[in-house]
Amino acid sequence: MKVSFEQLKSMVVFAQIVEQGSLTAAAKQLGLTRAVASYHLKKLETQLEVTLLNRSTRTMALTEAGIAYYERCRIITEQANAANQQIENIKSEPQGLLKISCPVNVGMQLIVPAINTFKRQYPKIKIDLQLTDDVVDIIKNGFDFAIRGVALSDSNLQATKLTTMSTCICGAPDYFTHFGKPKTPLELADHQWVVYQLGSKTLTLSKDGKKHDITMQGALSTNNAAARTAFVEAGHGIGRIPLYDAWPKVQAGLLEIILDDYKSKDIELYGVFPPGAAGSKKLRLFIDYLKAYFVKQHTALGMLKSS
């Protein structure tokens, strides 16, 4: 059976339907109507004389034939993307779109300033930056790159470490005036914490080979890192805050660092991307730029702390 140009289009649509999980989502991803996506699926099943998907009003599941056929369609789609990337990579000036997902606070404090300078260097690379503290499905939602503060959990993605960020325990001067300033890890249990819901509730501090585990509890919690810092600054409790976020406020007298002779676990920042994106010149440039940018930021912060 020869494959026509029209059937190739249908195969790409079918691969997207499987990956997106619905006709509607696939149609949106491809810039089609739902009716057109459904037409391609039905035409493909008619041509092959098999059922690829068992569908109901709420669910959709691949048949045995559909599983085997999808693998081939996926490879065709990946090869087409790789061909486009190869052409992109031989152009003298990198261009194209990078769709990026990033946590809100890291995005506003670090990634937005980095993109500001990156865009001046590579003006033809378009950036679509989506800020959210949710862990998005980057393949399903069409992202080229996502920045995350946890190690890779999805084996279908690739990851690269961008930087390591120090953290500190902070409180507002007004809070310490009313409730006292903890001098030892044991005293932390007597204080209110502003709890970050997306992180661990247990804080481990170490010094001279001894470790202390503290359970962070308080009347205020949030899933947003910027809100956590704002609540701590307002005097509602103490919090574990990335140093890049806390230090400007420490310099301004809005926050005070406590127990800085104890070491807490650093935050490792990762970039994750689909397996087929590794060959993209514009993505490689962006990743390399971010890593170099973080090195400069880390050096500058170290100089400020020591001054």
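Visitor: Why is Gln 7 called buried?

Guide: Gln 7 has a relative accessibility of 5%, and buried means under 20% relative accessible area, with exposed over 50% and partly exposed in between (1.4 Å probe, protein chains only), so Gln 7 counts as buried. This is a predicted model, in which local features need pLDDT of at least 70 and side-chain atom pairs count only at pLDDT 80 or more, while totals for chains, interfaces and linings use all residues. Residues are numbered from 1 along each chain as its sequence is written, and side-chain values use heavy atoms, with hydrogens and water left out.

Visitor: Where is Gln 7 found, and what is Gln 7 in contact with, leaving aside its neighbours within four places in sequence?

Guide: Gln 7 belongs to helix α1, residues 5-20, where helices (H or I, at least four residues) and strands (E, at least two) are DSSP runs numbered from the N terminus. With contact taken as heavy atoms within 4.5 Å, and neighbours within four places set aside, Gln 7 touches Lys 2, Leu 44, Gln 47, Leu 48 and Tyr 69.

Visitor: How do you know that the buried residues of α7 line one face of the helix?

Guide: In α7, residues 225-233, the buried residues are Ala 225, Arg 228, Thr 229 and Val 232. Seen down the axis of α7, they fall within an arc of 95 degrees, so they line one face; the arc is that of the directions from the helix axis to the C-beta atoms. An α-helix has 3.6 residues a turn, so residues three or four places apart point the same way. The cover over the buried residues of α7 includes α5 (104-121), β7 (167-171) and α8 (243-251).

Visitor: What makes β4 and β6 stand at the edges?

Guide: The open sheet has five strands in the order β4-β3-β5-β15-β6, with mixed pairing. Two strands pair if DSSP finds at least two bridges between them; β4 (125-131) and β6 (158-165) each have a single partner strand, so one side of each is left without a neighbour in the sheet.

Visitor: What makes β9 and β10 a pair?

Guide: Strand β9 (residues 202-207) pairs with β10 over six bridges, in the antiparallel sense, and Leu 203 stands opposite Ile 214 in β10.
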